[in-house]
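This briefing concerns the structure shown below. The points that follow are grouped by topic and are intended for computational work.

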Amino acid sequence: MIKARHNIVLLSATAWLLLVAVGCGPTPSASFRPNMVEATKQRLTVDQERQVATVLLAMFGTPDDPVALPETGLDESKLRLAAGPVRSDIVGRKNGLYREHCAHCHGVTGDALGPTAAFLNPYPRDYRPGVFKFKSTERADKPTHADLVRVLHNGIAGTSMPSFALLPEIQVDALAEYVKYLTIRGETELALMRAFFELDDDAGGKLPETREFLVYETLTPAAEKWRAAADAEIQVPEMPSDIDLVASIAKGKELFYGDKANCVKCHGVTGLGDGQANDYDDWNKAIVEVEKEVKSGAAKAREASTAGMSPDELAEHRAQLAWLEKFHGVLDGDALAPRTIPPRNLRHGIYRGGRRPLDLYYRIHAGINGAPMPAAKGTVPPEDIWHIVNYVRSLPYELDGELGADRPMVARDRF
Amino acid sequence: MIHRSLNVPHLVACLLVGATAVLLCFGALVTTYDAAMAVPDWPATYGHNMFLFPFAEWFWGPWDLFLEHGHRLLGALVGLITLALAAVVWLQSPKEASLKSTVRGLVVAAVLLVVLQGLLGGARVLLDDKTVAKVHACTGPLFFAVAVAIAALTGRNGTSAATGPSIESRVSLGLLGAAYVQLVAGAQLRHLDVATVAPATFRWLVAIHVFGAVAVMALAFAAAVCCRGQASPGARRWSLAIAGLVCCQVALGIGAWFVSWGIPSGWLPAAWMPSEPLAARSAGGAAVITGHVVLGMLILGVAVALAIATGLFAGRGTRVALQPRPPRDGRPERAYA
């Protein structure tokens with residue numbers, strides 16, 4: 001029928017229009033996103049935000065064209081492999097690895113604000129604060145390069161972080177280097193934004209743009225921690241050999257429920273991770289706290305009567321309101337809705353930081369940086385940590401009937 | 001045995017559909033493996049005339065070069081077949097006037113589209129632009145749809161038992177449109193420029209694609225139900241095929257999400273979470289993602305066949321309705337032209 005033919009013309013035309021509407025306009029080039037939450041928190045002016053951006057541009061370049069000052073200790077050739085849009089270079093090597101494999105979750109800036117991040121639980125890592133969880137170093141230390149490579153190689157079981165074991169080693173190595181680059185950049189950005197707070201009055205609200213300040217005082221300390229990590233691996237004692245596994249597990253159990261290690265507080269008397277479950281990790285906690293501040297600030301500001309205010313007070317009141325409003329908008333656009341971090345269900349036998357006994361030793365010894373999981377170091381002697389490791393490793397195989405049946409009452413009573 | 005003269009246009013059109021399907025698979029793989037920029041120049045390949053690029057270097061070369069250069073060679077082949085089809089159709093068109101003009105119109109569209117598509121492919125490489133990539137990805141299936149339409153119309157049944165704008169023809173047309181919109185939305189998601197896209201835009205695209213999936217599914221089942229009764233056997237067959245394919249497509253879509261963007265942990269009950277993380281860039285994963293794209297195009301093709309079998313392009317007044325529908329509750333059925 002004629003009508004049907006008109007229909008199809010109409011249909012194709014609509015389809016093309018849709019196409020044009022959805023995807024057109026030349027693709028803009030990539031740029032790093034400023035850390036707006038921190039900038040707003042520090043009440044930076046537009047000029048100050050601009051100064052930070054300019055300084056960072058000079059020190060670190062752009063996502064397409066990274067720069068690594070010698071003080072960072074980073075290998076720029078590796079960064080070039082990982083940076084930029086996806087393409088093959090003149091010798092057929094794949095470039096743009098980070099954007100191909102990571103950016104949709106971790107964001108081009110490494111701020112965990114990639115397009116797919118909001119769908120994930122846990123959220124991808126925001127590198128900018130420089131905090132990493134699964135490593136062979138003490139809690140507050142950076143991971144070693146080998147730690148990052150291991151995380152990339154193994155992925156993080158039980159989360160959406162995939163394994164990149166199928167990529168050539170050289171690519172994984174370049175990606176690990178690029179993670180460090182983004183982290184050092186993010187840490188430097190934070191340091192710069194916080195530095196405004198400590199400026200002298202006569203500085204005119206501008207950071208000094210000297211090598212002394214920017215490189216030696218700001219960049220070097222951030223980079224130095226990464227270099228120090230290489231020699232900061234936890235010294236792990238031999239697993240005690242004078243005690244058989246059953247006895248070791250029994251000892252570990254005692255420690256697990258005991259007052260000192262107090263693992264039950266969070267992991268629950270059953271080990272199902274049903275203890276204290278309403279806590280946040282550091283990244284989410286920062287947002288929760290800021291949200292609280294903004295909300296209570298807004299409530300207070302709304303209640304305040306402006307009647308008796310002097311012009312100065314009134315101006316300050318208005319500035320405060322504007323700041324709160326801005327912050328509200330920033331939180332909407334630049335932060336994901338906070339999620340709690342449940343303690344691990346130890347009966348699944350899925351360990352995010354790796355399932356080797358050594359990995360569990362590191363986790364229990366140093367705790368999990370950025371997460372509420374505390375370090376047993378200091379409260380439990382190093383050899384005894386092996387007993388806890390053995391007990392934790394036995395938990396997935398304990399019979400269901402035993403769940404909590406013979407748990408010491410002391411632990412349960414504490415809640 | 002009845003002697004029937006060889007239907008050359010139909011044969012060439014079928015060849016075109018087959019070659020295009022392979023071409024689309026290569027195109028989908030190029031995107032899956034991010035291989036579009038594996039060859040930095042165009043129309044030459046690393047300085048060689050495209051057709052003279054050393055075979056061994058291509059065939060045994062790096063995987064992404066194999067895909068991209070193969071995609072270009074296949075594209076050229078499809079272009080040539082399209083030209084051959086145009087020649088054949090001009091020499092031997094269907095006898096019926098309206099069908100003849102429709103087929104000729106479609107062939108002209110095919111030639112224009114294949115040229116446009118080749119140029120878009122070149123522009124995508126030369127400009128290294130994701131927007132062009134998106135348009136290139138949306139034009140491919142459009143060409144495929146036209147090829148399928150030509151094959152269906154030149155076939156023995158042509159427009160077969162078309163009865164004009166019946167309910168099933170409308171549903172089929174809606175299905176065709178929805179299937180194409182899904183391909184457009186899917187292309188936007190696949191060619192996401194992760195460096196610049198706003199998360200809100202991404203969420204909108206996802207919403208459109210998921211809602212589109214529901215719509216396609218509903219329309220596919222509606223088509224299958226509508227075509228049960230009076231429709232031609234072709235329509236019945238195609239509608240059942242499409243309903244089945246759409247079910248597979250939804251499963252593949254969920255899989256493609258998991259493989260490309262991670263399992264949204266916390267959505268699945270903890271006990272269902274795989275104990276091993278997914279391996280990025282696994283062959284199985286690539287197969288799932290590419291399969292989702294290719295099946296989407298296949299669904300579009302089948303939707304074209306279904307739409308034609310239910311009366312799209314039915315001749316002007318030359319085809320007689322099989323059976324006028326009986327009036328409902330005494331009211332006369334609306335008369336169609």
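Thr40(A) counts as buried because its relative accessibility is 1% (buried means under 20% relative accessible area, exposed over 50%, and partly exposed in between, with a 1.4 Å probe and protein chains only). This is a predicted model, in which local features need pLDDT of at least 70 and side-chain atom pairs count only at pLDDT 80 or more, while totals for chains, interfaces and linings use all residues. Residues are numbered from 1 along each chain as its sequence is written, chains are lettered from A and ligands numbered from 1 in the order in which they are written, and side-chain values use heavy atoms, with hydrogens and water left out.

**Surroundings of Thr40(A)**

- Thr40(A) belongs to helix α2 (residues 36-41) of chain A; helices (H or I, at least four residues) and strands (E, at least two) are DSSP runs, numbered from the N terminus.
- The backbone oxygen of Met36(A) is reached by the side chain of Thr40(A) at 2.5 Å.
- Beyond its neighbours within four places in sequence, Thr40(A) is in contact with Trp323(A), Lys326(A), Phe327(A) and Val330(A), where contact means heavy atoms within 4.5 Å.

**Chain A as a whole**

- Chain A has 16 helices and two strands.
- Of its 415 residues, 50% count as buried.
- Among contacts in chain A with a separation of 6 or more, 67% are between residues 24 or more positions apart.
- Ala53(A), in helix α3 (residues 46-60) of chain A, is partly exposed, with a relative accessible area of 44%.
- The C-alpha atoms of Ala53(A) and Glu189(A) are 8.4 Å apart in space, although the two residues are 136 residues apart in sequence.

**Helix α14 of chain A**

- Eight of the ten residues of helix α14 (residues 357-366) of chain A are buried, and the helix is mostly covered.
- Among the buried residues of α14(A) are Asp359(A), Arg363(A) and His365(A).
- The cover over the buried residues of α14(A) includes α15 (382-394) of chain A.
- Gly367(A), which follows α14(A), has a positive phi near 70 degrees.

**Salt bridges**

- Over all chains, a search of the whole structure finds 24 salt bridges, each being a side-chain nitrogen of Lys or Arg within 4 Å of a carboxyl oxygen of Asp or Glu.
- Asp65(A) and Arg80(A) form a salt bridge through their side chains (3.1 Å, N to O).
- This pair links distant parts of the chain, 15 residues apart: Asp65(A) is in the loop between α3 and α4 (76-82) of chain A, and Arg80(A) is in helix α4 of chain A.
- Asp65(A) counts as partly exposed at 42% relative accessibility, and Arg80(A) is partly exposed with a relative accessible area of 35%.
- Glu187(A) and Lys142(A) form a salt bridge whose closest N and O atoms are 2.6 Å apart.
- Glu187(A) lies in helix α8 (residues 169-195) of chain A and Lys142(A) in the loop between α6 (103-106) and α7 (145-154) of chain A, so the pair ties together parts that are 45 residues apart in sequence.
- Glu187(A) is buried, with a relative accessible area of 10%, and Lys142(A) counts as buried at 6% relative accessibility.
- One network, made of salt bridges that share partners, joins Lys94(A), Glu100(A), Asp34(B) and Arg281(B).
- Within that topic, the side chains of Glu100(A) and Lys94(A) meet at 3.6 Å, N to O, in a salt bridge.

**Interface of chain B and chain A**

- The contact takes 67 residues from chain B and 59 residues from chain A.
- About 4,900 Å² is buried between the two chains, and carbon and sulfur atoms give 65% of this area; buried area is the accessible area (1.4 Å probe) that two parts lose on being put together, summed over both.
- The rule finds three salt bridges across this interface.
- Glu276(B) and Arg355(A) meet through their side chains in a salt bridge (2.8 Å, N to O).

**Nonpolar core**

- The largest nonpolar core has 79 residues, and Leu85(B) and Ile150(B) have the most contacts inside it; such a core is a set of buried Ala, Val, Leu, Ile, Met, Phe, Trp, Tyr and Cys residues joined through side-chain atoms within 4.5 Å.
- Elements of chain B that each supply at least two residues of this core include α1 (8-32), α3 (63-91) and α9 (283-309).
- α9(B) gives the most to this core, with 13 residues.

Terms used: Polar contact = N/O pair within 3.5 Å; in protein donor to acceptor, adjacent residues only side chain to side chain.
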